[in-house]
Amino acid sequence: MVYGIIGALDEEIALVKEKMTGIEEHRLYGRSFYTGRIGQKDVVLVCCGVGKVNAALFANAVIREFKADAVINIGIAGAIGAGIGVMDVVLSTDAVFHDQDEIMVKYYPFCKYFKADETLLSLAKAACEQVPLHGKATCGRIVTGDQFVNDPAVKFSLRERFDPCCTEMEGAAIAHASYVNDTPFLIIRTMSDSADDGADESYDNFIDTAAHQSAAIVLKMLELA
């Protein structure tokens, strides 16, 4: 089985790359894909860049070009849900685009909410119990859009419309690409900020620690799988 691991930022994939052995680099779409092993597991790792189009493009490549049997998106996010704070972890139950018109559901793939794989989710929950976390782990919805949310009014609107745990810029696109390829997926996000007027400063302060925590969870998942 090949696990495809995708992060949007170099910080999000750094720890995973550090733990890989037998690494080979492959250039595609102007970026580097890394194949190798973590323990006894085959892995393809890529930093896709920020945003929905990048995320979907590279998720499709991980599945089609590098034959990933499962896709895991790791990284950081802004906390939206009540009681969720900086350095808490969110494991996706499903993912949805928050910046699409409702009419889009009428068109292929006729799906609003992309459901995460239950086996991967169970594995991630087990991993969170064994990794020292800086916060708590929660399972719930993740919303995605091409927007860094740093406005309390936008945060409140997202909470009212979708009842999500957090917001970010790639997860639902990776979920969409996985869905149309009939490939199981999971999103793992550590909160770098609270998606409010302090988000920019919090992001700068917590990006490295938050990204490292999400990567540590996926490494434990591979160990347990």
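Reader: Leaving aside its neighbours within four places in sequence, which residues is Ile-188 in contact with?

Author: Happy to start there, with the reminder that this is a predicted model. Ile-188 and Met-221 have the most contacts inside the largest nonpolar core. Leaving out neighbours within four places in sequence, the contacts of Ile-188 are Ile-72, Asn-73, Ile-74, Gly-75, Val-89, Val-90, Leu-91, Ser-214, Ile-217, Val-218 and Met-221.

Reader: Let's turn to the rings. How are Phe-33 and Phe-66 paired: stacked or edge-to-face?

Author: The structure holds 7 aromatic pairs, and this is one of them. The ring centres of Phe-33 and Phe-66 lie 4.7 Å apart, with 20 degrees between the planes. Planes under 30 degrees apart count as stacked, so the pair of Phe-33 and Phe-66 is stacked.

Reader: How many residues apart in sequence are the parts that this pair ties together?

Author: Phe-33 sits in strand β3 (residues 31-38), whereas Phe-66 sits in the loop between α2 (52-64) and β5 (70-79). Both residues are buried. Ring pairs also link them with Tyr-29 and Phe-58 into a cluster. The parts tied together by Phe-33 and Phe-66 are 33 residues apart in sequence.

Reader: And the rings of Phe-148 and Tyr-203: what kind of pair do they form?

Author: Phe-148 lies in the loop between β8 (137-144) and α4 (152-162), and Tyr-203 lies in helix α6, so this pair ties together parts 55 residues apart in sequence. Phe-148 is partly exposed at 33% relative accessibility, and Tyr-203 is partly exposed at 23%. With ring centres 5.6 Å apart and planes at 80 degrees, the pair of Phe-148 and Tyr-203 is edge-to-face.

Reader: Is Thr-35 buried or exposed?

Author: Thr-35 lies in strand β3. Not counting residues up to four places away in sequence, Thr-35 touches Met-20, Gly-22, Ile-23, Glu-24, His-26, Val-43, Val-44 and Phe-66. Its relative accessible area is 19%, and the cut-off is under 20%, so Thr-35 counts as buried.

Reader: Which side chain makes a polar contact with the side chain of Thr-35?

Author: The two side chains come to 2.7 Å in this contact. The partner is also among the residues that Thr-35 touches, and its name is His-26.

Reader: Now helix α3, please. Why do its buried residues lie on the same side?

Author: The buried residues of α3 are Leu-120, Leu-121, Leu-123, Ala-124, Ala-127 and Cys-128. On the other side of α3, Glu-118, Thr-119 and Glu-129 are exposed.

Reader: How far apart are the end C-alpha atoms of α3?

Author: Helix α3 has 13 residues, 118-130, which should span 18 Å at 1.5 Å a residue. The model agrees with that, since the end C-alpha atoms are 19 Å apart.

Reader: Which residue caps the N-terminal end of α3?

Author: Look for a side-chain oxygen that lies 3.2 Å from the backbone nitrogen of Thr-119. That oxygen belongs to the capping residue, Asp-117.

Key. Residues are numbered from 1 along each chain as its sequence is written. This is a predicted model: local features need pLDDT of at least 70, side-chain atom pairs count only at pLDDT 80 or more; totals for chains, interfaces and linings use all residues. Side-chain values use heavy atoms; hydrogens and water are left out. A nonpolar core is a set of buried Ala, Val, Leu, Ile, Met, Phe, Trp, Tyr and Cys residues joined through side-chain atoms within 4.5 Å. Buried means under 20% relative accessible area, exposed over 50%, partly exposed in between (1.4 Å probe, protein chains only). Contact means heavy atoms within 4.5 Å. Rings of Phe, Tyr and Trp (its six-membered ring) pair if their centres lie within 6.5 Å; planes under 30 degrees apart count as stacked, over 60 as edge-to-face and the rest as tilted. Helices (H or I, at least four residues) and strands (E, at least two) are DSSP runs, numbered from the N terminus. A polar contact is a pair of N or O atoms within 3.5 Å; within protein, one must be able to donate a hydrogen and the other to accept it, and residues adjacent in sequence count only if both atoms are side-chain atoms. The expected span of a helix is 1.5 Å times one less than its number of residues.
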